[in-house]
Amino acid sequence: MSLDLPSAPVAKDANSQAEWRHAVRRALLGWRSALDAATHQHLSHRVQAHFSEFLENRSGATVGFYWPIQNEVDLRPVMARHLEVGGKAALPVVPGRDQPMVFHDWTPKTKMAPGFARIPEPQGTEAVAVHVLLAPLVGFDGAGYRLGYGGGFFDRTLADMKRRPLVVGIGFEATRLGNIMPHQYDVPVDVLITDRGIQTVSDQALPVEDKTDQLSPPCHLST
């Protein structure tokens, strides 16, 4: 499955690259919104299966996920099963523009109400720290750099967290790019999960015995 995307800019200045990312984002969102229902369901089921596999040895983790918008992969069924085996789930609440997201406890019975940008947010539940943070991918590259919606919420949220969670990008394999030309301060995800499978990007996702940094606590990675 291929996409007709704008050519990468010849100029290497920040403005040219930003304009290119904007054009690519628009094209990728257009492709995703145009997916027919059967194709979207097929690809989504494959992503859900790989994400379920990823969670198998992380049954005790608190997972910060997202409410699906704009034809994103819906992970609520997977999160509901995660809750059944003893895990926890959380959805973001956005206090306001240019502010980091705060994750609040979620179950399928949680009352939801439209929040920032009319995206549903949990009501009446406690704020929780997350061990695994899911980042929806508009596009991405093999180094783990993601193309999001351009609002900066994800990066602000990560910067505000006292302890960095394991960051997992979720998206469709067709939106993989050779290089998204990340900003200087962009931080790549640790794991990529698409309909093609699971790709480990950083050693934060490895068992502790395989890590180069033995000081990194593994408690958020497994039960």
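**Ground rules**

I note that this is a predicted model, in which local features need pLDDT of at least 70 and side-chain atom pairs count only at pLDDT 80 or more, while totals for chains, interfaces and linings use all residues. Residues are numbered from 1 along each chain as its sequence is written, and side-chain values use heavy atoms, with hydrogens and water left out.

**Salt bridges**

I found five salt bridges in the structure. Asp-98 sits in the loop between strand 2 (88-93) and strand 3, and Arg-156 in helix 4, so this pair ties together parts that are 58 residues apart in sequence; helices (H or I, at least four residues) and strands (E, at least two) are DSSP runs, numbered from the N terminus. I checked how open the two residues are, taking buried as under 20% relative accessible area, exposed as over 50% and partly exposed as in between (1.4 Å probe, protein chains only). Asp-98 is exposed at 53%, and Arg-156 is partly exposed at 24%.

Next I looked up Arg-164, which forms a salt bridge with Asp-190, their closest N and O atoms being 2.7 Å apart. Arg-164 lies in the loop between helix 4 and strand 9, and Asp-190 in the loop between strand 10 (176-177) and strand 11 (191-194), 26 residues apart. Here Arg-164 is partly exposed at 35% relative accessibility, whereas Asp-190 is buried at 3%.

I then turned to Glu-173 and Arg-196, whose side chains meet in a salt bridge at 3.6 Å, N to O. Glu-173 is in the loop between strand 9 and strand 10 and Arg-196 in the loop between strand 11 and strand 12 (197-200), so the pair ties together parts 23 residues apart in sequence. Glu-173 counts as buried at 14% relative accessibility, and Arg-196 as exposed at 65%. I also noted that Glu-173, Arg-176 and Arg-196 are linked in a network of salt bridges.

**Helix 4**

Which residues of helix 4 are buried? In this helix (residues 153-160) I found Phe-153, Phe-154, Thr-157 and Leu-158. Seen down the helix axis, these buried residues fall within an arc of 130°, so they line one face of helix 4; the arc is that of the directions from the helix axis to the C-beta atoms. On the other side of helix 4, I found Ala-159 and Asp-160 exposed. What covers the buried residues includes strand 3 (102-106), strand 6 (132-136), strand 8 (146-147) and strand 9 (166-170), where contact means heavy atoms within 4.5 Å.

I traced three strands forming an open sheet in the order 8-7-10, with mixed pairing; two strands pair if DSSP finds at least two bridges between them. Strand 8 and strand 10 are the edge strands, each pairing on one side only. Strand 7 (residues 139-141) pairs with strand 10 in the parallel sense over two bridges, and Phe-140 stands opposite Arg-176 in strand 10.

Terms used: A salt bridge is a side-chain nitrogen of Lys or Arg within 4 Å of a carboxyl oxygen of Asp or Glu.
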